[in-house]
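These are my notebook entries on a structure that I wanted to read piece by piece.

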Amino acid sequence: MRLQTASREAEPANREDRLALARATLGAAERSASRWGGRIDRTALRTATTPAAPTTTTEQAEQGLADDGMGTRVPVPGPLAGLFPRGSLRAGSSVAITGAASTSLLLSLAVAAAGEDSWCAIAGMPDLGLRSAVDAGLDPCRLAHVPAHGEQRPQVLSALADGVDVLVLGPDLDLAPVLWRSLLGRARTADTLVLAAAPPGRADLTLRSTTLRWTGLGAGSGRLRTRRLEVLASGRGIAGQREVEVLLPQVGGMIASAPQQRSRHENLAAPPPVRLLEPVRRAG
Amino acid sequence: MTLDTSTSTSTSTSTNPASTATRTVAVTVPDWPLLAALDRHQRRLVEESPDGEPAAIDPAVVPVILLDQHRVTHSSAAAREAGALPGMKRRAARAACPEALVLEADRENESALFELVAAAVDTIAAGVDVLRPGVLLMSARGPARHQGGEAQLAERILDAVAELTGWDCSVGIADGPFAALLASPPGRIVRDGRSADYLAPHPITTLRSAPVGPGWGHRGQPSARRTERRLDLAETVDLLQRLGITTLGDLAALPSAAVADRFGPDVSTLHLLARGEEPAPPATHHPTQPILAETTLETPLVRTDQAAFIARPLAEELHTMLVANGLVCTRLRIVARTEGGEEMERTWRHDGALTVADVVDRIRWQCDGWITRSRLGGPSTGAITRIGLHPLQLAPAGESAPALWGSAGEAAQRASRAFARAQGLAGEDAVQVPVRVGGRLLADEMVLVPWRSEKPATHPGPWPGSLPRPVPTTVFRDPPPVALEDADGRPVVVTARGLLSAAPARLLVLAPGAPVLQRLGLRAGSSHPVLAHGAPTVIDERWWTPQGARSARLQLVVRGAGDEETAVLALSRTGSWTLEGLYD
């Protein structure tokens, strides 16, 4: 008996959680359904209460609740969520990425947006390191690489903007502003996320990255381990600028949120002992 | 049946090495449905007449017409002379040729009886596939070598079929199944690499007998379930004729990209066949656990109607296994064991993915065939006690398989439509997919192949010396040359012991490299201080062969433009440095 009452007391708090979880799951399911074309009107389902705070910090829960009348939302990498209004991207929007780590950022955004079942096409990156794309988490079965040169380029890119869910436009594409605008229009109607390095026109959001430092390499020893990157975001829905620091790549090749600043001092202190290892003797 | 020997003897005079189509033998029995129906009719006469044998009916003399759904499908030579042509209605045919013997088509009987022909060809060559009743396909290379030439092989097949079954067949040998099929009625042997020339003058209506079907031509997406996309050959031929394409040569002359763009993948396959090529079979798949369905029969199979009862559960069992593995089957071997311990087997090739109904039909036809064969005085086999289905050619079910929520896979279909369109616009190389092949250098490790083409083999490794993570996001196709200098301005090299001659202090970009270098401020002629460097990793590739190459890899962090740290991967080969990759 006592056990029963105890569980009944615990239930209300538990129920809140479960309700939030159920809503999140339903939202995720509906998002995936609406991605196949059938838009579900959620106005009838929306409750008057404020959405419960995402106590579970998983991206998915956050995603499900962010979807209220704003169209389909596309997830972004967790460490970068602070850069984006509402912590996600609208499907059909465009992101311009410039700066030192543009390729890595393009890949990590594409990985998050492609998720479990969306297709991704990469155009205009002839020198893309394919293994790094796979290491970043892209599924090679749902990835197409499009050289996109030749006179049919506008038609090819338009077909891709209609067909895939994530379109990555590399820096070597040399797009004309007219083509860029028409691609954006197509992508908006087809709910395709466009990620572009150095686009010729304006995009909804602009990310600018600066390398703070690389760690792991000494003088004649060690190997590259992580890069600390500062990413600034500006554009639609952002007042002024937002800024985060991330590790991209981290040791595994993926993106991770950067630890606090203390690592800088460690890093400064690190090289001298490493140098004392005398790599010559070890290698010989 | 005589062989056209003027075009025979294709002894290694291969004029077209680019042709990749399999050398194929096609064995056809002309007017097979008519012959089968006639045979059945005669057997019935024998059973009905109590005294003596009725006279044999010779289809060359006696007019015979075969009806299927009230239309004439085949008529014997005498009936054709009298004016009863295929396509006529029953009434019209009877009016044209009142004395004709009218028979009804019976597909079961045709299929079962064809086992006799298949068994006769089996005595000459191995690996005989039944494409449909009346048509056998097999690879020509091995049997021809065994018989001492393709002409000899054809003659042996003709003799064997005539001797063992009493029917005339015709044999055609060519590159690819379609050319072989068309070469078969005139009994020709088309020389190596000349299939396209042979096909060109044929009228476009011959496409109706083309060995195509859903799934076969659609590499990567055998669409077994999408019945609405089933290719209607008659309609396609009609469309092509209306567009003024009257011969196969006309069709072959069209640019393939235009055909793919205008008509879609189905007609692209036909176009491929018309050019004398062979659609590559869907990438075959070898599951880790073998897939096969077998059943032991409690009561041995002696009557043909029993076969129908065992066929469906067996086919469904196989289908469940295939679905569980996400596969479709395009070639099926049916194996039977008899009371006497003898094993019989027959392979059925199908144009597309085999559905349950297709498999049921084939099991039934095959069992009928074996039982009929023993009844017709062939080698007595005894009752069948065990039946097994062995799928020989498995292909992934592709993107068309519906998923849990019913509508998943639509993204894949949408994407594949877009990719097909892009390939139609700008050629096959317009859309490429990455494939891991394995290698030590980053550029070798993964390659790009055109979407929906055959993927190269993977060498799983291990690959000692390959770069651990994180790997550069940019891997140069044309590695830009650089130079490394130590603090005194002397060049830094990797010694034979795999050590650096000195600590590098500056990186010099020698030639204008890739645009990505320009963007990061590594312009030609500029020099950048080296902030950190690792120890060189020696890659000793294929040292046991003359092509062996020794190189060393070095990770560097340099100060690029704008005082930003830039990490690069340098590669030293025969004393000179290039950039293999760039962490951007």
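**Entry 1: a pair of strands in chain B**

I started with S2(B) and S3(B), which run antiparallel and are joined by four bridges. I keep in mind throughout that this is a predicted model.

**Entry 2**

Which residues of H1(B) are buried? I noted B:Trp32, B:Pro33, B:Leu34, B:Leu35, B:Ala36, B:Ala37 and B:Leu38. The buried residues of H1(B) pack against strand S2 (64-68), strand S3 (71-75) and strand S4 (101-104) of chain B, and also against helix H4 (107-122) of chain B.

Chain A has nine helices and 11 strands, and 46% of its 284 residues count as buried. In chain B I noted 17 helices and 21 strands, with buried residues making up 44% of its 584 residues.

In chain A, residues 24 or more positions apart account for 65% of the contacts with a separation of 6 or more. In chain B, among contacts between residues at least 6 apart in sequence, 61% join residues at least 24 apart.

**Entry 2: where chain A meets chain B**

How many residues does each chain bring to the contact? I read off 57 residues from chain B and 58 residues from chain A. On the side of chain B that touches chain A, the largest share, 12 residues, comes from helix H15 (residues 410-426) of chain B. By class, the residues of that side divide into 35 nonpolar, nine polar and 13 charged.

I followed H15(B) to a partner in the other chain, helix H5 (residues 153-163) of chain A, and found that the two pack at an angle of about 175° with their axes 8 Å apart. An angle over 145 degrees counts as roughly antiparallel, and H5(A) and H15(B) are therefore roughly antiparallel to each other. Among the residues that make this contact are A:Val156, A:Ala159 and A:Leu160 of H5(A), and B:Ala415, B:Phe419 and B:Leu425 of H15(B). The contact of these two helices has nine nonpolar, two polar and four charged residues.

**Entry 3: a covered strand in chain A**

In chain A I turned to strand S7 (residues 193-197), which is mostly covered, since five of its five residues are buried. I had one general point in mind: in a regular strand the side chains alternate between the two faces of the sheet. In S7(A), A:Leu193, A:Leu195 and A:Ala197 point one way and A:Val194 and A:Ala196 the other way, and all are buried.

Strand S3 (residues 94-99) of chain A pairs with S7(A) in the parallel sense over four bridges, and A:Ala96 stands opposite A:Ala196. Strand S6 (residues 166-169) of chain A also pairs with S7(A) in the parallel sense over four bridges, and there A:Val166 stands opposite A:Leu193.

**Entry 4: one proline in a loop**

My last entry concerns A:Pro126, which lies in the loop between strand S4 (120-123) and helix H4 (130-135) of chain A. Is A:Pro126 buried or exposed? It counts as buried because it has 20 C-beta neighbours inside 10 Å, and a residue needs 20 or more to be buried.

Leaving out residues up to four places away in sequence, A:Pro126 touches A:Pro147, A:Asp172 and B:Arg477. I also noted that A:Pro126 and A:Gly170 are 44 residues apart along the chain, while their C-alpha atoms are separated by 8.6 Å.

Note on methods. Residues numbered from 1 in each chain as written. Chains lettered and ligands numbered in written order. Predicted model: local features only at pLDDT ≥ 70, side-chain atom pairs only at ≥ 80, totals over all residues. Buried ≥ 20, exposed ≤ 12 C-beta atoms within 10 Å, placed from the backbone. Contact = placed C-beta atoms within 7 Å. Nonpolar A, V, L, I, M, F, W, Y, C, P; charged D, E, K, R; others polar. Axes fitted to C-alpha atoms, helices over the stretch in contact; angles between N-to-C directions. Parallel < 35°, antiparallel > 145°, perpendicular 65-115°, else oblique. Pairing = 2+ DSSP bridges.
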